[in-house]
Amino acid sequence: MPLTIEQAFPSRLCGVLRTQDSETGFRACVAAMEGGIGSIEITTTVPSCFDMIRGLRASTGSSHPIGVGTVWDPGAVQEAKEAGAAFVVTPVVLPEVAEACRAHDLLCVLGALTPTEIYQARLAGAQLVKVFPIAPVGGHEYVRALNGPMGGVPLWVSGGVEIADVRGYLELGVKVVGLTASLFPADALARKDMDGIRQKAEEAARAATPD
């Protein structure tokens with residue numbers, strides 16, 4: 001059985017890593033987890049992404065669910081499973097990836113943007129629908145508008161999300177908030193500033209914790 005949404009995303013936050021420097025990226029993920037980010041998505045654009053997943057799972061004792069993102073083809077789903085990934089994330093609606101996730105018992109997150117695409121993603125078998133990119137289309141207001149007709153759909157928001165936005169999304173019922181550049185800024189990665197990344201993770205974790 002695949003993990004539930006609550007099991008895969010215990011902090012309701014997911015750090016999304018995009019970098020060409022695997023070694024620094026690995027350290028950044030560890031720093032983010034130390035700061036309170038419950039789950040990490042390694043995109044397939046990261047060199048040796050599946051090896052990184054194995055390494056992160058080994059170094060954390062599998063305490064944090066790790067997933068594979070930017071998945072375009074079903075073949076990557078088997079690689080994700082073999083690497084120990086807990087979930088698979090696509091940028092767009094890809095029913096064939098959802099089918100592969102079912103076959104390999106992995107939680108499936110399909111990317112979508114419009115109400116029609118969100119509906120199609122659920123129809124294809126996505127347990128969670130990633131509304132991407134959320135910031136350019138209105139952020140909180142877009143989620144509020146979706147909640148009218150689609151209030152029962154479990155949503156992940158990603159794409160331009162700032163740490164200051166986290167609390168508002170969660171209060172709107174969003175299941176998972178994905179943090180990319182706001183958690184792993186390019187300049188912090190370039191400087192190998194792990195303390196800075198850890199501090200951003202702590203800030204996000206505080207924002208996600210109810211008062």
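Predicted model: local features only at pLDDT ≥ 70, side-chain atom pairs only at ≥ 80, totals over all residues.
The strands form a closed barrel. Eight strands take part, in the order E1-E2-E3-E4-E5-E6-E7-E8, and their pairing is parallel. From one strand to the next, the twist averages 25°. In general, the strands of a sheet pair through backbone hydrogen bonds, and they may do so in parallel or antiparallel fashion. Strand E1 covers residues 13-17, and strand E8 covers residues 176-179. These two strands run parallel and are joined by three bridges. Leucine 13 has valine 177 of E8 as its bridge partner.

Two helix contacts were examined next. Helix H2 spans residues 22-34, and helix H10 spans residues 194-208. Their axes lie 7 Å apart, and the helices pack at an angle of about 40°. H2 and H10 cross in a right-handed sense. On the H2 side, the contact is made by Thr24, Arg27, Ala28, Ala31, Ala32 and Glu34. H10 contributes Met194, Ile197, Arg198 and Ala201. By class, the contact of H2 with H10 has six nonpolar residues, one polar residue and three charged residues.

The second contact involves helix H3 (residues 49-60) and helix H4 (residues 75-83). Their axes come within 9 Å and cross at roughly 25°. Angles under 35 degrees count as roughly parallel, so H3 is roughly parallel to H4. The crossing of H3 and H4 is right-handed. Phe50, Ile53, Arg54 and Arg57 make the contact from H3. From H4, the residues are Ala76, Glu79, Ala80, Glu82 and Ala83. The contact of H3 with H4 divides into five nonpolar and four charged residues, with no polar residues.

Aromatic rings were considered last. A pair of aromatic rings is described by the distance between the centres and the angle between the planes. The count comes to three aromatic pairs. One of them joins phenylalanine 9 and phenylalanine 87. The ring centres of phenylalanine 9 and phenylalanine 87 are 4.6 Å apart. Their planes stand at 50°, so the pair is tilted. Phenylalanine 9 lies in the loop between helix H1 (5-8) and E1. Phenylalanine 87 belongs to strand E4, which covers residues 87-89. The pair therefore ties together parts that are 78 residues apart in sequence.

Terms used:
Residues numbered from 1 in each chain as written. Heavy atoms only, no water. Axes fitted to C-alpha atoms, helices over the stretch in contact; angles between N-to-C directions. Helix = DSSP H or I, 4+ residues; strand = E, 2+ residues; numbered from the N terminus. Parallel < 35°, antiparallel > 145°, perpendicular 65-115°, else oblique. Left-handed = near helix turned anticlockwise from the far one by under 90°. Contact = heavy atoms within 4.5 Å. Nonpolar A, V, L, I, M, F, W, Y, C, P; charged D, E, K, R; others polar. Pairing = 2+ DSSP bridges. Phe/Tyr/Trp six-rings, centres within 6.5 Å; stacked < 30°, edge-to-face > 60°.
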